[in-house]
Amino acid sequence: MGWYDADIDRVIITEEELRAKTAELAKQVAADYASVDGLLLVCVLKGAVMFMADFSRELGKVGGPPAELEFMAVSSYGQGTTSSGVVRILKDLDRDIAGKHVIVVEDIVDSGLTLSWLLKYLESRSAKSVDVVALFRKPEAIKVPVPVKYVGFDIPTEFVVGYGLDYSERYREVPYVGILKPEVYQR
Ligand code: XMP
Ligand code: MG
């Protein structure tokens, strides 16, 4: 039992489902990029950190090209929990991405505003190609059409935590993905 189990109303995606889906996504990417000599994975902190760790290892195991791991942190200005599309870079890439095949490793695409901004930014830095792998997508919430080539799970428009996703910086270490009990928000 984890300290968090009592706070979870219901589990949406189990550890086993996360593992299987990550392997499936890695196989697709490895097949599509079989002819390139290297990939640059860009993880968007902090939510995608677990997925980045598992996806990158899986990609190597299934015969994908050598990967470089890069991390970015951005914050979307907005009222409360809705993102506005105005994005501020908190941590930029450490290296030049010009001429590289980039894959953005995202936790969740909600409105798509953050990702849409990020794709324009990466393209402006002259990446050779840019694709996106997102573990989760909330289909009803998409405000801007954003090309996400690889999607793990389509989930309902509800707030989820676990496997990197937080509520108030907590629950990131939860090994599965779930929905919190309403009382947690009243504390
Ligand atoms: P966009 O711009 O697509 O923002 O609206 C996506 C970002 O919003 C966060 N997000 C969530 N975080 N549980 C979370 O912990 C959720 O259910 C959730 N929905 C969106 C997340 O940081 C994502 O990158
Ligand atoms: Mg968050």
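Which residue has a polar backbone atom 3.0 Å from an oxygen atom of ligand 1? In this predicted model, the residue at that distance from the ligand oxygen is Asp110, which contributes a polar backbone atom. A backbone N or O atom of Leu113 likewise lies 3.4 Å from an oxygen atom of ligand 1, and an N or O atom in the side chain of Lys138 is found 2.8 Å from an oxygen atom of the ligand. Taken alone, ligand 1 exposes 510 Å², of which the protein buries 82%. In total 15 residues surround ligand 1, the closest being Ser111, Gly112, Thr114, Lys138 and Val160; by class, the shell comprises five nonpolar, four polar and six charged residues.

Helix H1 (residues 15-32) has 18 residues and reaches 26 Å from its first C-alpha to its last, close to the 26 Å expected at 1.5 Å a residue, and its buried residues are Leu18, Lys21, Thr22, Ala23, Leu25, Ala26, Val29 and Ala30. Helix H2 (residues 49-61), with 13 residues, reaches 19 Å between its first and last C-alpha atoms, close to the expected 18 Å. The buried residues of H2 are Phe51, Met52, Phe55, Ser56, Glu58 and Leu59; seen down the helix axis, these buried residues fall within an arc of 165 degrees, and they therefore line one face of H2. An α-helix has 3.6 residues a turn, so residues three or four places apart point the same way. The face of H2 turned away from the buried side carries the exposed residues Arg57 and Lys61, and the helix is followed by Gly63, whose phi is positive, near 90 degrees.

Most residues other than glycine have a negative phi, and most peptide bonds are trans. A cis peptide bond, with omega about -10 degrees, joins Leu45 and Lys46, the latter lying in the loop between strand S2 (39-45) and H2. Positive phi values in residues other than glycine occur at Tyr163, near 50 degrees, and at Tyr171, near 75 degrees. Tyr163 is placed in the loop between strand S7 (150-154) and strand S8 (177-180), and Tyr171 lies in the loop between S7 and S8 as well. With a relative accessible area of 8%, Tyr163 is buried, and Tyr171, at 2%, is also buried.

How values were computed:
Residues numbered from 1 in each chain as written. Chains lettered and ligands numbered in written order. Predicted model: local features only at pLDDT ≥ 70, side-chain atom pairs only at ≥ 80, totals over all residues. Heavy atoms only, no water. Near = heavy atom within 4 Å. Polar contact = N/O pair within 3.5 Å; in protein donor to acceptor, adjacent residues only side chain to side chain. Areas by Shrake-Rupley, 256 points an atom, 1.4 Å probe, with all protein chains shown as cover. Nonpolar A, V, L, I, M, F, W, Y, C, P; charged D, E, K, R; others polar. Helix = DSSP H or I, 4+ residues; strand = E, 2+ residues; numbered from the N terminus. Expected span 1.5 Å × (residues − 1). Buried < 20%, exposed > 50% of the residue type's maximum accessible area, 1.4 Å probe, protein only. Arc of directions from axis to C-beta.
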